[in-house]
There are 2 protein chains.
Amino acid sequence: MKFSKKESKTLQRIIRWRRDVRGNNFLPKKVKQKELNTILSAALHAPSVGYSQPWRFLIINKDSTKNKIHTLFTQQFKKSQAKFHDKPLYSTLKLEGIKEAPINIAVLYKKPTKPILGQTFMKQSGEYSVVCAIENMWLVARSLNLGMGWVSILKPKKVKKILGISNEYKLVGYLCLGHTKHSLKTPELKKLGWEKKKNIKRCLL
Amino acid sequence: MKFSKKESKTLQRIIRWRRDVRGNNFLPKKVKQKELNTILSAALHAPSVGYSQPWRFLIINKDSTKNKIHTLFTQQFKKSQAKFHDKPLYSTLKLEGIKEAPINIAVLYKKPTKPILGQTFMKQSGEYSVVCAIENMWLVARSLNLGMGWVSILKPKKVKKILGISNEYKLVGYLCLGHTKHSLKTPELKKLGWEKKKNIKRCLL
């Protein structure tokens, strides 16, 4: 299978237009089951160490559960504020879309119960496989004109407790998924001047 | 920016045709600087926690360096064999393309020197950002009809020592990049019966 220049350019454009979407940009419009299946299917085609496919997904659409996670976020956002006392912008940022997004997805790493090929010397390669799955989901969601956001101001252990997830699993990502009001050209934190874009020279050792 | 159904399908096909390429499938043909730049540019457009962009890249094309990494791989592959004594297939597998691939890339995580937005409660979200960058690179490489492989049977500290990388950085991935002989439809470890493909029901909690 050979891909054309045009097809590669399409992928590159999707990559450039992917954004981390928060509550100020989600619409209440429902996500179709077919769209969700397409996104999960992309996750299942991610690379995984030793073909272990250690990704697991919990789909959350009940308001009562979302509210509990949102309460947790609010507490932890307040706690984290102290670290950014020199940046007043921090407290004004909308950093999650837990309640606004119709679907939340807890993405988990199933810890191995047997040796995994390729994981002997890099233990974290299992979790890294799950992250590759998340990036596939993010890109496919964007290509379907849906938005996704990754909420990381959440203590994984507390999230797992709310969701009733056992210790066999590690929470890798908590995602919000839905339709968006706008397709943002620029990452919000860049636009607001939180950080500047690093060019390639800055990233080459 | 709206993407069409056709464009989404293109992305989904690239995702399904991405493979982990090893030495038995790399060609000695050179990778153009322009292709490498396109791949690195895709990395730079990955999501990152707090827009921290903590990815750094070391491009390796000297045979002498590759040989040292390859020697390390060989030692560690032998050590890991003991874990798979019940699977004679293991010792026959080609699990890297360090010498065959024209380019190797060490992908590093630059540890933060100040608090990063969103990283307070999920410390690993910095490394996870680097993994998202790797998945972007993998997909764009595939769309350019190049192959990439992730070698994980390597002790990160020893790789860093060979490459002269300081403790400010953590090795997240060691990648091999080049043209390929064949575009494989099926993941090699699936084809060889090492693991079966998990379907979505198996992955939903």
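Start by selecting the open sheet in chain A: four strands in the order 1-2-4-3, with antiparallel pairing. Strands pair here if DSSP finds at least two bridges between them; helices (H or I, at least four residues) and strands (E, at least two) are DSSP runs numbered from the N terminus. The model is predicted, so local features need pLDDT of at least 70 and side-chain atom pairs count only at pLDDT 80 or more, while totals for chains, interfaces and linings use all residues. Residues are numbered from 1 along each chain as its sequence is written, and chains are lettered from A in the order in which they are written.

Next, pick the edges, strand 1 (55-60) and strand 3 (146-151) of chain A, each of which pairs on one side only. Direction ignored, neighbouring strands of the sheet are turned by 25 degrees against each other on average.

Move to strand 2 (residues 103-110) and strand 4 (residues 169-179) of chain A, which pair in the antiparallel sense over eight bridges. Select Ile105(A): opposite stands Leu175(A) in strand 4 of chain A.

Angles run from 0 to 180 degrees between N-to-C directions, with axes fitted to C-alpha atoms, for helices over the stretch in contact. Helix 5 (residues 156-163) of chain A lies across strands 1, 2 and 4 of chain A, at about 75 degrees to strand 4.

Finally, show chain B: 72 residues of chain A are in contact with 72 residues of chain B (C-beta atoms, placed from the backbone, within 7 Å). Helix 4 of chain A gives the most to the side of chain A that touches chain B, with 10 residues.

Conventions. Two residues are in contact if their C-beta atoms, placed from the backbone, lie within 7 Å.
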